[in-house]
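Dear colleague,

Please find the structure below. My notes on it follow.

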Amino acid sequence: MKELKIGFLQQHNISDASVNIQRLSEGIADLATRGAQLIILQELHNSLYFCQVEDVNNFDLAEPIPGPSTDLYGELARQFGVVIVTSLFEKRAPGLYHNTAVVIEKDGTIAGKYRKMHIPDDPAYYEKFYFTPGDLGFRPIETSIGKLGVLVCWDQWYPEAARLMALQGAEILIYPTAIGYESSDTPDEQERQREAWTTVMRGHAVANGLPVIAVNRVGHEPDPSGQTKGIRFWGSSFVAGPQGELLYRASNDKEERIVVSIDMHHSEQVRRWWPFLRDRRIDSYTDITRRFIDE
């Protein structure tokens with residue numbers, strides 16, 4: 001058995017980024033003290049989810065990588081000897097910005113980064129205004145605790161992204177996330193959406209024989225424009241095993257700091273029982289790269 005202790009922070013953010021960062025730092029220290037080796041933060045964790053509106057002033061929230069946040073979280077990683085998955089608003093160049101996950105090695109250095117590939121554009125989720133689609137591909141990041149297949153939020157709906165990570169040796173799939181309820185939806189519709197979100201990622205776990213971790217923010221964040229009633233982020237962060245089994249699922253309305261142990265060797269057994277990679281008909285999938293097959 002190869003045990004990996006995974007810690008995650010499901011946090012409610014406020015408008016004061018310094019307070020959010022302070023609380024994240026305290027949470028990282030707490031999880032590390034409780035034995036976490038890998039700590040995963042939610043999507044765009046330093047600030048409110050600013051994509052509820054299209055406002056050019058929000059670009060001031062972006063920063064270079066390396067930059068202040070990688071320095072700060074790098075020092076925490078070094079101090080506590082943990083690997084940290086961060087999620088940052090990257091300023092790559094004037095007018096060029098990405099939604100970027102950065103993995104910090106336990107010595108404080110940057111192990112690698114992933115730029116979000118699938119960018120949504122829905123009411124209250126105006127991400128195409130802010131983020132250029134990633135250009136680093138779907139490539140796992142090598143760390144001292146294993147190969148991490150890091151994706152971000154909207155990527156979670158796409159089995160192709162999870163599969164490409166798995167085919168390149170990812171040992172675990174990780175999704176920092178910011179997703180929640182629209183207030184006009186009925187309670188039944190809200191629950192269907194939350195369950196679909198959980199189900200699709202558990203499906204990625206099953207199809208690829210890998211553990212999956214999704215870390216979502218929680219609580220209500222207002223719409224600065226007043227056009228909507230804001231977003232109530234549904235939390236429900238979870239850890240699933242390689243057969244899709246839920247090892248832990250967090251509250252849908254409360255903050256949590258959780259450490260979950262998983263057996264990293266179990267994926268090998270599961271893939272022997274269910275050899276989905278063996279049975280793939282790669283000779284018959286050439287059309288998968290087409291936008292739509294209408295001939």
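A residue is called buried under 20% relative accessible area, exposed over 50% and partly exposed in between, with a 1.4 Å probe and protein chains only. By that rule, 50% of the 295 residues of the protein chain are buried.

This is a predicted model, in which local features need pLDDT of at least 70 and side-chain atom pairs count only at pLDDT 80 or more, while totals for chains, interfaces and linings use all residues. Residues are numbered from 1 along each chain as its sequence is written, and side-chain values use heavy atoms, with hydrogens and water left out.

The protein chain has 5 helices and 17 strands (DSSP runs numbered from the N terminus: H or I of at least four residues for helices, E of at least two for strands). Its C-alpha atoms fill a box of roughly 55 × 50 × 40 Å along the principal axes. Of the contacts (heavy atoms within 4.5 Å) with a separation of 6 or more, 69% are between residues 24 or more positions apart.

One residue was looked at in detail. Pro120 sits in the loop between β5 (110-115) and β6 (121-122). Is Pro120 buried or exposed? Pro120 is buried, with a relative accessible area of 5%. Apart from neighbours within four places in sequence, Pro120 contacts Tyr125, Tyr126, Glu127, Lys128 and Trp154. Ser47 lies 73 residues from Pro120 along the chain, and their C-alpha atoms are separated by 19 Å.

Regards
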